[in-house]
Amino acid sequence: MERILNGKVAVVTGGTRGIGYAIVKKYLEAGAKVVLFGSREETALKALSKIRTELPDAQVDAMWPNLCDRGEVSAAFLNIKEKYGSLDILANNAGISQNTPLFDYKDEDFDKILDLNVKALYVCTRAAAEIMKEQGGGAIINTSSIVSYNGQGSGCGYPASKFAVNGLTKSLSRELGRYNIRVNAVAPGVTRTDMVAVLPDEMIQPIIRNIPMGRMAEPEDIANAFLFLASDWASYISGAILPVAGAVVI
């Protein structure tokens with residue numbers, strides 16, 4: 001692979017599995033130094049061990065701050081900048097999915113999905129942008145979803161959170177553009193991850209039948225979009241919501 005991120009320093013939240021892990025691996029293969037964030041020490045260190053086995057020459061580390069705690073996140077990012085010299089890329093990938101029917105929703109479940117999918121993105125973006133502003137630029141890529149265009153049949157909290165991700169992406173791209181900070185989002189379609197594995201088959205199969213390319217995305221398909229948007233190949237792209245969904249009509 002061409003090392004189009006050579007010398008860059010990247011943080012990937014939700015980097016322990018699925019799409020996040022694929023992004024970590026893709027960035028490392030492209031020459032970046034990567035710090036993956038996990039929700040717990042155990043899962044973060046397990047992912048770190050795995051990636052070091054697969055890519056023994058890669059410069060990779062792991063951290064597990066509370067993504068909704070601005071103090072913890074800011075301290076983590078400052079530590080990364082001090083250790084590696086910069087913070088060039090932030091992939092806001094941490095998130096959870098739900099398909100709970102409206103009348104079965106618990107308030108705490110709704111709050112949880114908005115906290116991780118929206119507030120954590122805001123907290124991480126703010127902390128990263130402060131560093132990127134001082135150093136003269138950077139790239140922030142958010143994980144949206146194809147359901148951010150038309151919603152989904154059940155589980156209103158998830159599409160609501162992803163509509164919010166799109167709004168943050170577009171607004172922050174305009175606000176931060178003056179600092180040479182690009183902000184974009186990737187909107188995956190149905191992707192073969194653990195998150196999708198918990199969804200009922202009766203929800204997944206009709207979706208696959210409506211995918212013109214006839215298959216679910218693989219995590220690497222989504223990671224490729226994150227790689228492009230993080231690279232200088234996308235140097236004049238900001239405020240974009242890039243669907244990666246196999247030609248699904250949105």
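Biologist: What makes Arg126 and Glu130 a salt bridge?

Modeller: This is a predicted model, so the distance is computed from its atoms. The closest N and O atoms of Arg126 and Glu130 are 3.7 Å apart. The cut-off is within 4 Å, so the pair counts as a salt bridge.

Biologist: Where do Arg126 and Glu130 lie?

Modeller: Both sit in helix α4, four residues apart, which is about one turn of the helix. An α-helix has 3.6 residues a turn, so residues three or four places apart point the same way.

Biologist: Why is Arg126 called partly exposed?

Modeller: Its relative accessible area is 36%.

Biologist: How many salt bridges does the structure hold?

Modeller: Six. One of them joins the side chains of Asp61 and Lys83, at 2.9 Å from N to O. This pair links distant parts of the chain: Asp61 is in strand β3 and Lys83 in helix α3, 22 residues apart.

Biologist: Why does Lys83 count as exposed?

Modeller: Lys83 has 55% relative accessibility. Exposed means over 50%, so Lys83 passes.

Biologist: What makes Asp221 and Arg215 a salt bridge?

Modeller: Their closest N and O atoms are 3.0 Å apart. The limit is 4 Å, so this pair qualifies. Asp221 is partly exposed, with a relative accessible area of 24%. Arg215 is partly exposed as well, with 40%.

Biologist: Why is Asn93 called buried?

Modeller: The relative accessible area of Asn93 is 12%. Buried means under 20%, so Asn93 is buried. Asn93 is placed in the loop between β4 and α4.

Biologist: Which residues does Asn93 touch?

Modeller: Leaving out residues up to four places away in sequence, Asn93 touches Thr13, Gly14, Ile19, Gly20, Ile23 and Thr143. Ile19, Gly20 and Ile23 are buried residues of α1.

Biologist: How do you know that α1 is mostly covered?

Modeller: Nine of its twelve residues are buried. Among them are Tyr21, Ala22, Val24, Lys26, Tyr27 and Leu28. Helix α1 reaches 17 Å from its first C-alpha to its last, close to the 16 Å expected at 1.5 Å a residue. After α1 comes Gly31, whose phi is positive, near 100 degrees.

Biologist: What covers the buried residues of α9?

Modeller: The cover includes α1, β4, β5, β6 and β7. The buried residues of α9 include Pro219, Ile222, Phe226, Leu227 and Leu229. Helix α9 has twelve residues and spans 17 Å from first C-alpha to last, close to the expected 16 Å.

Biologist: Which residues touch the most other members of the largest nonpolar core?

Modeller: Leu5, Tyr27 and Ile141, in a core of 37 residues. Elements that each supply at least two residues of this core include β1, α1, β2, α2 and α9. Apart from it lies another core, of 26 residues, among them Ala120, Ala127, Ala129 and Val183. In soluble globular proteins, nonpolar side chains tend to be buried together.

Biologist: What does Ile141 touch, not counting residues up to four places away in sequence?

Modeller: Its contacts include Tyr27, Ile89, Leu90, Ala91 and Val186. Phe226, Leu229 and Ala230 are also among them. Those three are buried residues of α9.

Notes: Residues are numbered from 1 along each chain as its sequence is written. This is a predicted model: local features need pLDDT of at least 70, side-chain atom pairs count only at pLDDT 80 or more; totals for chains, interfaces and linings use all residues. Side-chain values use heavy atoms; hydrogens and water are left out. The expected span of a helix is 1.5 Å times one less than its number of residues. Buried means under 20% relative accessible area, exposed over 50%, partly exposed in between (1.4 Å probe, protein chains only). Contact means heavy atoms within 4.5 Å. A nonpolar core is a set of buried Ala, Val, Leu, Ile, Met, Phe, Trp, Tyr and Cys residues joined through side-chain atoms within 4.5 Å.
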